[in-house]
Amino acid sequence: MSHLRVYGSAMSSRPGPLGQRIATELRAEMGRQNKSRRWLALESGHPHNTVSRWIAGDTPPPIDALNDMCEALGISIVQLIVVAKLFLIDCPNGDFWRGF
């Protein structure tokens, strides 16, 4: 059975492809809502520097923190993860819009 892997490897705290895509989707949603990282930190209750690292894709957030950020943005954590995973399945090379 395959598991969703967010972390890059057992020895690394850098997110893998799914974690990177989740960070990208969060940044996109923040852009759509015209929200800053500082706003997200305040609304989600996490330190600004930590949220900045999560949103940049430098480190993966704990699942509860990811949920806090999703709730602050008014989006579903389930939808966020599914959209990120589908993107990776549909375009593993990152060219999602080719063919549209």
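Helices here are DSSP runs of H or I with at least four residues, and strands are runs of E with at least two, numbered from the N terminus. The model is predicted: local features need pLDDT of at least 70, side-chain atom pairs count only at pLDDT 80 or more, and totals for chains, interfaces and linings use all residues. Residues are numbered from 1 along each chain as its sequence is written, and side-chain values use heavy atoms, leaving out hydrogens and water.

**Stop one: the cavity.** Select Pro15, Gly19, Ile22, Ala23, Leu26, Trp54, Gly57, Thr59, Pro60, Pro61 and Met69. These residues line the largest cavity. A cavity is a set of points on a 1 Å grid over the protein atoms alone where a 1.4 Å probe fits but cannot get out; lining residues have an atom within 4 Å of a point. The volume of the largest cavity is about 40 Å³. A search of the whole structure finds one cavity of 30 Å³ or more.

**Stop two: helix α1.** Select residues 17-32. Helix α1 gives the most to that lining, with four residues.

**Stop three: glutamate 25.** Stay in helix α1, where glutamate 25 sits. Is glutamate 25 buried or exposed? Its relative accessible area is 13%, so glutamate 25 counts as buried (under 20%; exposed is over 50%, partly exposed in between, with a 1.4 Å probe and protein chains only). Glutamate 25 touches Arg32, Leu80, Val83 and Ala84, leaving aside residues up to four places away in sequence (contact means heavy atoms within 4.5 Å).

**Stop four: valine 83.** Move to helix α5, residues 77-90, for valine 83. Valine 83 is partly exposed, at 35% relative accessible area.

Note on methods: 1 Å grid on protein atoms, 1.4 Å probe; cavity = no way out; pocket = protein on both sides within 12 Å on 5 of 7 lines; lining within 4 Å. Points joined across faces, edges and corners; volume = space filled by probe spheres on them.
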